[in-house]
Amino acid sequence: MPSLGRLHLITDTRPGRNPLAVLRAALPVARSELVVQVRVEDSATDRQAYDLARRAVALCAAYGATCLVNDRLHVALAVAAAGGHVGADDLPVGAARRVLGSAAVLGATAREPATAAAAVAAGASYLGVGPCHPTSTKTGLPDPIGPAGLRAVAEAVAVPVIAIGGVTAAAVPVLRAAGAYGVAVVGAVSDAADPARATAELLGALTC
Ligand SMILES: Cc1ncc(COP(=O)(O)OP(=O)(O)O)c(N)n1
Ligand SMILES: Cc1ncsc1CCOP(=O)(O)O
Ligand SMILES: [Mg+2]
């Protein structure tokens, strides 16, 4: 399996956003360092998720980037995505692994060392860990775990740890020092006046 990209760009589910335009800006900059995670509102139909995911897979293929699908693993399979990401309200990690197969990339959300280790034992190939910082992109989350919480998880597992939640380029050095292999963002790219430049800044912080 090729190494996992360090910059994970999650599609913005907020009303009025244009996730494909953001991908078109980010992909030429980050290319194979980019992991695109297709995420839609829970209220979106499977057809809407499928239509977005198949476009994202095609765009990613043109740049050697990896495309994953959040939550809806049947959509991941239908569009031949590289894998998926699951959390506490989704299929359990072991079941997700059985659905996707042994070669797929499978991410799991974890906030504590014990759940992180259990997710890896069940088949997760990377962990999304957070929220590390406050975020306005998703509601209903627990308090941020900060770099210290991230470090506790990173020290408990041997798979790549992807920091998520309120991540900016300025926050990347501290998160990396705490053990993050990479970061996952929505707003840092989607809210930027220049998403291509924001992508370059995040990549620069991740690869220096
Ligand atoms: C890289 C990454 N980390 C964490 C999450 C959150 O997943 P989950 O807890 O299942 O919440 P939803 O994104 O499904 O609302 C993620 N998507 N990606
Ligand atoms: C889906 C998700 N899960 C934890 S934080 C988050 C949203 C991250 O968005 P942002 O990068 O804008 O804080
Ligand atoms: Mg989920």
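Student: Which residues are the closest to ligand 1, and how many surround ligand 1?

Tutor: Happy to start there, and bear in mind that this is a predicted model. Ligand 1 is surrounded by 17 residues, and G87, T109, G128, I164 and A184 are the closest. Two or more residues of that shell come from each of β1, β4, β5 and β7 (161-164).

Student: What makes up the shell around ligand 1 by class?

Tutor: There are 8 polar, 6 nonpolar and 3 charged residues. Glycine counts as polar here, so G87 and G128, two of the closest residues, fall in the polar class.

Student: And what about ligand 2: how many residues surround it, and which are the closest?

Tutor: Ligand 2 has 14 residues around it, with T135, T137, G165, V186 and G187 the closest. That shell divides into 7 nonpolar, 6 polar and 1 charged residues.

Student: Now the fold. What closes into a barrel, and in which order?

Tutor: 8 strands do, in the order β1-β2-β3-β4-β5-β6-β7-β8, with parallel pairing. On average, neighbouring strands of this sheet are turned by 25° against each other, direction ignored.

Student: How do you know that β1 and β2 are paired?

Tutor: Pairing asks for at least two bridges. Strand β1 (residues 7-10) and strand β2 (residues 34-38) run parallel and are joined by 4 bridges, so they pass that test. One example is I10, whose bridge partner in β2 is Q37. On to the next pair: β2 and β3 also run parallel, joined by 4 bridges, and V36 has C67 as its bridge partner in β3.

Student: Why is strand β3 called mostly covered?

Tutor: A residue is buried if 20 or more other C-beta atoms lie within 10 Å of its own. In β3 (residues 66-70), 5 of its 5 residues are buried. Both faces are covered, with T66, L68 and N70 buried on one side and C67 and V69 on the other.

Student: Why is A95 called partly exposed?

Tutor: A95 has 14 other C-beta atoms within 10 Å. Buried needs 20 or more and exposed needs 12 or fewer, so a value in between is partly exposed. A95 sits in helix α4, and this helix (residues 93-100) lies across β4 (83-86) and β5 (105-110), at about 165° to β4. The C-alpha atom of A95 is 8.5 Å from that of A122, 27 residues apart along the chain.

Student: What makes R31 buried, exposed or partly exposed?

Tutor: Its count is 15 other C-beta atoms within 10 Å, so R31 is partly exposed. R31 lies in the loop between α1 and β2. Helix α1 (residues 19-30) lies across β1 and β2, running at about 155° to β2. Leaving out residues up to four places away in sequence, R31 touches Y63, G64 and A65.

Student: Last one: what makes the protein as compact as a globular protein of its length?

Tutor: In all, the protein has 9 helices and 8 strands. Its radius of gyration is 15 Å, close to the 17 Å that the globule rule gives for 208 residues, so the description holds. The C-alpha trace spans about 40 × 35 × 35 Å along its principal axes, and 50% of the 208 residues count as buried.

Note on methods
Residues are numbered from 1 along each chain as its sequence is written. Chains are lettered from A and ligands numbered from 1 in the order in which they are written. This is a predicted model: local features need pLDDT of at least 70, side-chain atom pairs count only at pLDDT 80 or more; totals for chains, interfaces and linings use all residues. Axes are lines fitted to C-alpha atoms, for helices over the stretch in contact, and angles run from 0 to 180 degrees between N-to-C directions. Two residues are in contact if their C-beta atoms, placed from the backbone, lie within 7 Å. The radius of gyration is taken over C-alpha atoms; the globule rule is 2.2 Å times the number of residues to the power 0.38. A residue is near a molecule or strand if its C-beta atom, placed from the backbone, lies within 6 Å of it.
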